Amino acid sequence: MTGFPTVLRSALTRLGLRRFSVVALVLGVFLGGTALAVAGTDKKSDEYGEMGPSPVPAAVAVNGATSFRVSSFNILGWDHTEKGGSKAKAGYADGAKRMRWAIQLLKSHQVDVVGLQEFQPQQYDKWVKKASAQYDIFPGYTDTVGFLRNSIAWRKDKFSLVSTSWIKLPYFHGDVLRMPVVLLQSLQTGQQIYFMNFQNPADVRGNAAKWRMIGQRFQIALVNQLKISNGLPVVWTGDMNARQQVFCRVTKQAAMVSASGGYRSETSCQPPRGMVVDWIFGSNVQFSNYVQERSKKVIRTTDHHLLVTDALVQPMQPVIPPPTVTPTVPTTPTTSVPTSPSTTSVVSP
């Protein structure tokens, strides 16, 4: 197998969860300190962690380091500003204008890869007209609105698509949404990189902390499985609806760094300054020139920040075939990206 199991569920018997693979057992032990026993707690819990087809890497030579610009952007769903709609927010333009501005922002920042959240069919229609000449997208509007809402787009002149997948995660009240995973290859260097994009639920429909914690658990397990399956870099974008908690958990349990900075050691966690609920994390990725933009155009477009950062990946070949023995869980990094103003630019709301 060149990817990962179709279900990412911890096999910890002591937590009352089902078994599925030796590798997952290792991950379950690693995550055991904060893992939740979800089996039987909700009628939909059997679906959490289900995976689509394994995003299989290609056997391609890598020529040099790969640089690109990545963004995470919650564009505020169409129905949140629909006239007469029950969710309508005052002071915003309609969804068509906001989508046009969102595309302008991404192009002006020369974004190569973006994770979009709250992406709805009407916004996708505008995307096709205004951005499809420059960007490819997954999943796009395939079969369900729920799958569409968290999409990943990339510049056609920078990356090609190797393979795609998805993971089922809990959303409001535990409802299941599929969220995307793509494996992209740099057209310049041949480097392959995993990108994943998530949105965990906010508390706007009641306390959603339970669902955020469960979602994080499967997201972290997915990162660890990708890393031990073939050793490629991983970039995670998303609206996590959490600040210090998600930073400390992801940097420790997935051994990732945040584009926004912060410090993590085995015994301490110092989150970056000016945190928002949106994040860009990376494994085997160096970040620089991070920006949390809340400019006039961003304010007119969405109730979130636009996150943009430069990324650099040193040459990494995929392990093909994958390891035949159970790998060691990656160690926790000693540092993340420095938080000095020279390397991190944060625009306050």
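Predicted model: local features only at pLDDT ≥ 70, side-chain atom pairs only at ≥ 80, totals over all residues.

How many of the 22 residues of α5 are buried? The count is 19, so this helix is largely enclosed by the rest of the structure.

Directly after the helix comes G231, and the phi of G231 is positive, near 75°.

Seven residues make up a positive patch, namely K97, R100, K107, K129, K130, K297 and R300. Which helices supply at least two residues each to this patch? They are α2, spanning 95-108, α3, spanning 121-130, and α7, spanning 296-301. The largest share belongs to α2, with three residues.

In general, side chains of opposite charge can pair when their charged atoms come close. How many salt bridges does the structure hold? There are eight of them, and I shall discuss some in detail.

Consider E47 and K168, whose closest N and O atoms are 3.1 Å apart in a salt bridge. E47 belongs to the loop between α1 (22-31) and β1 (66-74), whereas K168 belongs to strand β5 (residues 159-170), so the pair ties together parts that are 121 residues apart in sequence. The surroundings of the partners can also be stated. E47 is partly exposed, with 30% relative accessibility, while K168 is buried at 16%.

A further salt bridge brings together the side chains of K158 and D112, at 3.2 Å from N to O. Here, too, distant parts of the chain are linked: K158 is in the loop between β4 (151-155) and β5, D112 is in the loop between α2 and β2 (113-117), and 46 residues separate them. Is D112 buried or exposed? D112 is buried, because its relative accessible area is 3%, under the 20% limit for that class. K158, by comparison, is partly exposed at 33%.

Then there is R155, which forms a salt bridge with D157; the closest N and O atoms are 2.7 Å apart. R155 counts as buried at 14% relative accessibility, and D157 is partly exposed at 47%. Through shared partners, salt bridges join D112, R155, D157 and K158 into one network.

R149 lies in the loop between α4 (145-148) and β4, and with 16% relative accessibility it counts as buried. Between R149 and Y124 there are 25 residues in sequence, and 9.3 Å in space from C-alpha to C-alpha. D125 is located in helix α3 and is partly exposed, with a relative accessible area of 41%. The C-alpha atoms of D125 and Y141 are 9.0 Å apart, and these residues are 16 apart along the chain.

My last topic is backbone geometry. As background, most residues other than glycine have a negative phi, and most peptide bonds are trans. Where does this model contain a cis peptide bond? F138 and P139 are joined by one, with omega about 0°. P139 is placed in the loop between β3 (135-138) and α4.

H173 has a phi near 55°, and H173 is found in the loop between β5 and β6 (176-186). A255 likewise has a positive phi, near 55°, and its place is the loop between α6 (244-253) and β9 (257-258). As to accessibility, H173 is partly exposed at 48%, whereas A255 is buried at 14%.

Helix α5 is largely enclosed by the rest of the structure. Helices α2, α3 and α7 each supply at least two residues of the positive patch. Thank you for your attention.

Conventions: Residues numbered from 1 in each chain as written. Heavy atoms only, no water. Buried < 20%, exposed > 50% of the residue type's maximum accessible area, 1.4 Å probe, protein only. Helix = DSSP H or I, 4+ residues; strand = E, 2+ residues; numbered from the N terminus. Patch = residues over 30% accessible without salt bridge, like charges linked within 9 Å, V, L, I, M, F, W, Y side chains within 5 Å. Areas by Shrake-Rupley, 256 points an atom, 1.4 Å probe, with all protein chains shown as cover. Salt bridge = Lys/Arg side-chain N within 4 Å of Asp/Glu carboxyl O. Lys, Arg positive; Asp, Glu negative; His and termini not counted. Charge placed at Lys NZ, Arg CZ, Asp CG, Glu CD.
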